[in-house]
Amino acid sequence: MPVLGDWLDLDEREERAGIGTRHPILVDPEWRIDPVLARFFTRSRFAALAEGTREAYAKDYRLFFSFLWLRGRYWHEADPDDLFDWEAWRRRDQQPGRRISGSKWQRELAALRLLYEWAEKRGHVGRSRCWCTASGSGTARRSRSPTRPRGMCGRRT
């Protein structure tokens, strides 16, 4: 196929970009690759995670980003309402047997926290995009004082 001719050097391009075997590459519904996400997958703490964790987190990102896409948003446009709605959909709005457990939800939050903290530190998202707000739904981590909640990014809110 003629279109595949443009991809003959794919292995070389991936190597130059630092994309190793089993590194995820997420493509949006318009067939684009976000360069910020590509960098996150290859040049952050994500790249040092165990292979199984990277695979699980990549699936979590894909699901969350698809959820956002249906709302007309990209990952860097997510806000606290998106996270609250995502939690409701994953934990309560699914049919019985398809809802996720609290431990699975915590793993998804850990994946999102890893990405959004990295993105915030590099100026790809603002603090408000990192969901550093308290949640009464159990979404946010709690500090030692129950009256001083911590947000998703671990800062006092």
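This is a predicted model: local features need pLDDT of at least 70, side-chain atom pairs count only at pLDDT 80 or more; totals for chains, interfaces and linings use all residues.
Residues are numbered from 1 along each chain as its sequence is written, and side-chain values use heavy atoms, with hydrogens and water left out.

**View 1. The protein chain as a whole is built from five helices and zero strands.** Along the sequence, the pattern reads α-α-α-α-α. Helices (H or I, at least four residues) and strands (E, at least two) are DSSP runs, numbered from the N terminus. The protein chain has 157 residues, 36% of them buried. Here buried means under 20% relative accessible area, exposed means over 50%, and partly exposed lies in between (1.4 Å probe, protein chains only). The accessible surface is about 9700 Å², and carbon and sulfur atoms own 52% of that area. Accessible areas come from the Shrake-Rupley method with a 1.4 Å probe, and for residues only the protein chains shown count as cover. Among contacts (heavy atoms within 4.5 Å) with a separation of 6 or more, 51% join residues 24 or more positions apart.

View 2. W31 is not a glycine, yet its phi is positive, about 65°. Most residues other than glycine have a negative phi. W31 counts as exposed, with 76% relative accessibility. A salt bridge joins the side chains of R32 and E30, at 3.1 Å from N to O. The term salt bridge stands for a side-chain nitrogen of Lys or Arg within 4 Å of a carboxyl oxygen of Asp or Glu. R32 is partly exposed at 36%, and E30 is partly exposed at 48%.

**View 3. The largest pocket has a volume of about 310 Å³.** Its lining consists of 15 residues, and V27, D28, P29, L37 and F65 lie nearest the centre. Helix α3 (residues 51-70) gives the largest share of this lining, four residues. By type, the lining has nine nonpolar residues, one polar and five charged. Ala, Val, Leu, Ile, Met, Phe, Trp, Tyr, Cys and Pro count as nonpolar, Asp, Glu, Lys and Arg as charged, and the others, Gly among them, as polar. A pocket is found on a 1 Å grid over the protein atoms alone, as an open set of points where a 1.4 Å probe fits, with protein on both sides within 12 Å along at least five of seven lines; lining residues have an atom within 4 Å of a point. Grid points are joined across faces, edges and corners, and the volume is the space filled by probe spheres set on the points.

**View 4. D60 and K104 form a salt bridge, with their closest N and O atoms 3.0 Å apart.** D60 lies in helix α3 and K104 in helix α5 (residues 102-121), so the pair ties together parts that are 44 residues apart in sequence. D60 is buried at 4% relative accessibility, whereas K104 is partly exposed at 23%. Both residues belong to a network of salt bridges that also links R90, R107 and E108. The structure holds ten salt bridges.

**View 5. D79 and R73 meet through their side chains in a salt bridge.** The N to O distance for this pair is 3.2 Å. D79 counts as buried, at 16% relative accessibility, while R73 is partly exposed, at 25%.

**View 6. F67 is a residue of helix α3.** With a relative accessible area of 15%, F67 is buried. Leaving aside residues up to four places away in sequence, F67 touches D82, D85, W86 and W89. F67 and W89 are 22 residues apart along the chain, and 9.7 Å separates their C-alpha atoms.

**View 7. R13 has its place in helix α1.** R13 is partly exposed, with a relative accessible area of 32%. Not counting residues up to four places away in sequence, R13 touches D6 and W7.
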